[in-house]
Amino acid sequence: MTAAPASSPPFMGRLRALLRGREILLALAIVILLNAIFTSNFASWRNVEITLIQMVFVALVATGITLVIATGGIDLSVGAVMGLASVVAVALMPYGIIAMAAGCLGAGLAVGLFNGALIVGFGVQPLLVTLGSLIWVRGLAQYLSGGRKEYFEDAAMQFLGIGRVWGLPLQVIIAAIVVAVVALVVAHTVFGRRLVMVGGNPAAARLAGVPAGRTILAAYALCGLLAGLAGLFITARVGSSDPTNFGVLIELDAIAAAVVGGTVLAGGRARVVGTAVGALLLQLTTAAMIMNNVGFAVALVVKAALILCVVALQRRRV
Amino acid sequence: MTAVPAARLRLDGRLIAAVLALVLVLAIGAWRNPEFLGAENILNVLRQNAVLMLLAIGMTFVIISGGIDLSVGSILAFTSVVTVKLAPQGLPFAAGAAVLTGLGLGMVNGLLVARLHIAPFIATLVTLLALRGLTLAVFGEETVALTEGRSKILAFGRGFVLGLPVQVPIVVAVLVAAWVLLTQTRFGRAVYAVGGSEDSARLLGIDVATTRFAVYGLSGAIAGLAGFLFAVRIGAGITNYGLGLELDAITAVALGGTLLSGGVGGVAGTAVGVLIVGFLFNLFNLDATLDTFLQKVVRGGLLTVVVVMQGTILQRRRQ
Amino acid sequence: MDIAPLARLSGIEKRFDGVLALADVNFDLRAGEVHALLGENGAGKSTLIKVLTGVYQPDAGVIEVGGRVTTFRNPAEAQTAGIVTIHQEIHLVPTLDAVANLHLGREPRLPWGLVDHRRMRREAAGMLARYGANVDLDRPVGELGVAVQQQIAIVRALSLGGRVLVMDEPTSALTHREVDHLLSITERLRADGIGIVYITHRLDEVFRLADRVTVLRDGRLVLTEPAAEMKRPRLVSAMLGRPVAAAAPRNQPMAGEAVTVLAARAIAREPRVTGASLEMAQGTILGLAGLQGSGRTELMRLLFGADRPTSGEVLLNGAPGPRSPVQALARGLAYLPEDRKADGIVPDLSVRENLSLILLPRLTRWGFISRSRERAEVARFMTQLGVKAASPETRIRDLSGGNQQKVLIARLLCTAPDALLLDDPMRGIDVGAKADIARLIADLAEKGMAVLLTSSELGEIAALCDRVTILRDGRTLGTLAGSDVTFAGLAEAIAADDPAEAA
């Protein structure tokens with residue numbers, strides 16, 4: 001890290017100290033400011049709401065992926081889990097919303113446990129295991145549904161999809177609670193502490209009596225669980241299942257959100273709230289480009305460049 | 001001077017296992033379906049899997065060097081459209097452009113991995129994302145069909161040379177060239193060294209960054225050639241290829257005995273691996289026992305199984 | 001002899017962040033000579049070697065090679081001048097065979113840029129045979145064992161034109177027979193006129209092989225003398241230094257029979273631990289004295305359950321020993337690893353998080369860590385151990401070595417263990433922190449804890465320990481107690497030619 005130049009006035013020094021490790025807030029402020037200037041209708045309550053609604057899925061998936069990355073791993077199968085969850089949800093529709101929710105979460109949990117068990121049990125690279133899962137889980141979702149979208153009308157699902165509580169979108173409230181709970185768990189439980197220990201120095205963690213295998217397994221299980229929840233939400237929001245298109249490439253957005261939020265790909269750090277802010281930042285950037293008629297395609301390229309910059313900067317600093 | 005012991009014929013256990021697996025697939029196929037081992041079906045399988053073979057050859061270099069390239073499918077998609085757009089200027093020109101485009105994109109990967117030290121999977125995954133956007137932005141549509149001179153081009157792409165599909169001699173030439181490059185040149189030795197132990201390779205005087213850079217460039221260039229072959233066979237460029245072909249390529253490479261941890265393997269094994277994958281899914285199609293979705297489950301499952309098998313072998317060796 | 005030495009270092013000085021690592025060190029190497037370089041950890045051996053091989057540039061002093069003054073800007077330049085290191089961890093590509101490793105990066109070529117495999121193989125076989133290296137050319141070197149890999153590395157170094165060979169603890173991972181083979185190869189190299197800098201902790205090898213011996217301590221030259229005139233105890237004293245005055249000797253007589261907490265009976269795990277027995281008793285500090293490389297760390301890991309012995313038994317409070325760190329900690333046995341950085345700290349986390357790592361499960365209420373209790377415990381132990389940090393939230397990597405070590409000891413102490421395994425706790429830390437830690441260890445024993453202590457400074461062991469078990473080449477040779485626990489007595493026991501003398 002570079003030292004502050006000696007000539008900078010005390011105010012700058014204090015600002016710098018305040019922002020150290022929180023550069024993302026600065027970036028967020030800049031994006032919001034630029035948007036407020038250049039994007040018409042940006043600073044409206046309606047627009048804030050839309051932004052929050054749109055980032056729910058990425059925020060949930062990214063929260064899970066943050067846990068996995070903290071252990072030094074990765075999970076590419078999250079998008080496929082969303083597709084599978086949507087199929088499970090529709091299949092369980094006759095049994096009510098509770099069964100559907102349980103089914104979605106269960107499907108996600110099962111895939112997560114599968115990934116984690118192979119990674120811990122056989123010591124294989126997380127990338128390859130979850131790459132395989134990405135394909136077979138998607139295939140399974142398509143097989144179970146015959147590859148078809150199933151449209152449905154269900155009051156409970158509709159409420160879960162677009163309903164409001166206390167004037168706020170229900171999904172946003174739930175996602176916020178989930179993020180908060182996971183952030184609390186990471187910061188305040190033994191599990192959370194062990195997570196970063198395992199990622200930060202596996203040898204030291206083992207000698208300090210940390211059950212590394214169980215910790216890693218739990219991280220993948222939680223990641224799958226949250227992907228399942230995201231699958232339930234997207235199904236409710238859209239009003240249909242979609243085994244083929246739900247969650248495609250969401251793993252990239254999720255990884256990006258986590259990395260932008262300060263979680264290091266090498267492991268050893270979990271910034272759950274940072275991830276949520278990262279997801280917000282990405283959403284605002286994408287939305288701003290689309291609203292300013294830059295086009296979806298170019299937005300993808302810009303997003304890709306953004307991820308690369310952050311990852312490259314991370315490498316340099318460590 | 002002591003007598004130099006003659007090079008022992010090295011019985012590569014993994015390669016033998018791969019060949020046996022291939023024989024097994026062929027035997028089951030022949031038993032299930034009389035047409036399976038017919039000349040027509042075999043030539044058809046070879047033609048259809050030419051693209052996969054090329055991607056897998058490039059992937060072999062990358063994996064031996066200790067990396068991974070998830071972007072080859074999207075490079076293929078991009079260059080297939082390049083081919084279609086440039087085909088009216090003549091096929092050799094289109095082929096050259098496709099290969100050079102692939103090379104350029106691969107070099108971007110190489111730059112990210114070798115110079116900026118970004119983890120290979122992130123670098124190539126991001127390239128994949130950017131390429132999707134780029135393809136849409138440049139060409140503006142999902143499928144670009146050949147129109148001008150379509151029949152002539154398809155006659156090439158679906159034609160025969162000496163009784164073999166036109167793809168076969170091209171792929172064989174690339175395969176031989178890759179084998180020579182990997183086993184008979186300093187560059188090839190360096191690729192193995194970097195994948196075997198990056199630190200040692202550096203201390204032993206290998207230019208690690210340049211080797212890596214070259215490997216991704218090569219993988220991109222071969223993917224470009226694959227894009228060309230894809231376009232002239234199908235008669236269209238397709239922009240929305242995501243993860244899929246790269247997964248099959250990785251599976252084929254791993255099946256052929258190249259260790260996913262790097263440093264060990266070769267293109268001969270990869271060729272066998274591609275044939276296993278090719279004939280296996282050909283059998284599913286002929287048999288019609290597995291619908292396309294279940295085939296996908298098998299595809300992902302196959303990679304998982306191979307990865308776990310290799311993991312077990314490596315773990316046992318470590319003890 | 002009036003031939004100019006192969007290499008000569010004069011008046012070398014090197015500082016890191018103002019801290020003196022080498023002060024006015026002279027060293028020279030003649031052709032056809034084995035020059036042993038000795039000293040414990042932190043003595044400056046590796047810094048000196050890195051100056052010689054171009055990894056570091058000296059702040060003062062002169063390097064001469066073949067009589068001419070030179071400077072090396074990097075290891076490649078030193079290599080060009082014929083100075084090559086054989087590292088402790090061997091730098092070969094494990095997945096490639098010997099032929100490929102020997103020629104890597106400079107393969108002989110045919111026209112068209114193709115590699116000449118036949119010539120490579122012929123040359124490799126010739127080179128290996130000339131130095132009596134018996135190598136299977138067809139297997140990846142990773143499957144060949146350390147000894148063979150070492151031989152390949154040596155041959156590669158020579159084939160690159162190496163005239164000066166730096167061998168960094170070459171025998172530390174070898175079995176007895178492999179050591180013999182390596183020594184005979186070294187003798188052949190010497191006969192060929194190669195100059196060899198031989199770094200080792202094994203005195204036997206020094207006396208068998210070396211022509212001259214140089215000892216460094218605390219970055220200073222202690223002596224350079226012909227090996228033939230050297231006596232073992234003198235050498236050990238030179239390496240391990242005088243007793244530290246700061247740590248007050250305690251050696252109080254034990255009142256009555258102390259209860260045994262941890263006992264090891266003839267435990268082994270080849271190649272580093274070949275037969276070790278010891279007993280740790282309540283309220284006693286047991287020293288484990290031996291040179292570095294004698295198996296101190298490996299033995300401690302066996303006691304702690306981090307590795308499992310292949311034979312013999314460990315008894316913890318009369319029951320079979322722990323089978324994992326988790327079990328050991330649950331049963332009141334704690335271990336401070338030797339390598340603070342690799343096995344101890346989690347660098348990016350705070351002092352608080354590092355300190356409370358083991359204690360955490362006991363600080364929870366409904367699964368959540370009680371922050372207030374955690375803070376209180378952390379504050380209590382930071383004060384008790386005198387950890388100097390800006391705040392408990394400082395990243396541990398930003399602390400000095402001594403303070404990091406105190407945090408790691410606190411990590412163990414806050415779980416209130418019955419027995420402590422301390423692997424060289426005073427290594428690489430400043431004098432003040434050393435004294436603090438020494439006082440702490442004495443206090444702990446007074447309160448009834450059983451402590452096992454190793455140190456690379458014999459003086460510390462002599463000053464602190466009630467009893468001392470002597471370890472050499474992975475075997476325990478006996479235990480000294482009472483008035484025998486003195487610096488001279490220990491040095492004598494470690495240096496003894498015959499194991500029986502020490503018992």
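The exercises below, each with a worked solution, concern a predicted model.

**Exercise 1.** Find how many helices and strands chain C has, and decide how its radius of gyration stands against that of a compact globule.

*Solution.* Begin with the elements: chain C holds 18 helices and 22 strands. Next, take the chain length of 503 residues, for which a compact globule would have a radius of gyration near 23 Å; chain C has 25 Å, which agrees. Then consider the extent along the principal axes, where the C-alpha atoms of chain C fill a box of roughly 75 × 55 × 45 Å. Finally, turn to burial and contacts: 50% of the 503 residues of chain C count as buried, and among the chain C contacts between residues at least 6 apart in sequence, 68% join residues at least 24 apart.

**Exercise 2.** Work out the order of the strands in the open sheet of six strands in chain C, and explain why one side of E6 and of E10 is left without a neighbour in the sheet.

*Solution.* Reading across the sheet, the order in chain C is E6-E7-E8-E3-E9-E10, and the pairing is mixed. Strand E6 (83-86) and strand E10 (220-226) of chain C stand at the edges, and each has a single partner strand, so one side of each lacks a neighbour in the sheet. On average, neighbouring strands of this sheet are turned by 20° against each other, with direction ignored. For one pair in detail, look at strand E9 (residues 212-217) of chain C, which pairs with E10(C) in the antiparallel sense over six bridges; here C:Thr214 stands opposite C:Thr224 in E10(C).

**Exercise 3.** Identify the strands across which helix H1 and helix H6 of chain C lie.

*Solution.* Take helix H1 (residues 45-52) of chain C to begin with: it lies across strands E3 (34-38), E6, E7 (164-168), E8 (195-199) and E9 of chain C, and runs at about 155° to E7(C). Helix H6 (residues 176-191) of chain C, in turn, lies across E3, E7 and E8 of chain C, running at about 145° to E8(C).

**Exercise 4.** Describe the side of chain B that touches chain A, and say which helix gives the most to it.

*Solution.* Start from the contacts, in which 36 residues of chain B meet 37 residues of chain A. Helix H6 (120-139) and helix H14 (292-318) of chain B each supply at least two residues of this side of chain B, and H14(B) gives the most, with 14 residues. Sorted by kind, the residues on this side of chain B divide into 23 nonpolar, nine polar and four charged.

Definitions and conventions
Residues numbered from 1 in each chain as written. Chains lettered and ligands numbered in written order. Predicted model: local features only at pLDDT ≥ 70, side-chain atom pairs only at ≥ 80, totals over all residues. Pairing = 2+ DSSP bridges. Helix = DSSP H or I, 4+ residues; strand = E, 2+ residues; numbered from the N terminus. Axes fitted to C-alpha atoms, helices over the stretch in contact; angles between N-to-C directions. Contact = placed C-beta atoms within 7 Å. Rg over C-alpha atoms; globule rule 2.2 N^0.38 Å. Buried ≥ 20, exposed ≤ 12 C-beta atoms within 10 Å, placed from the backbone. Nonpolar A, V, L, I, M, F, W, Y, C, P; charged D, E, K, R; others polar.
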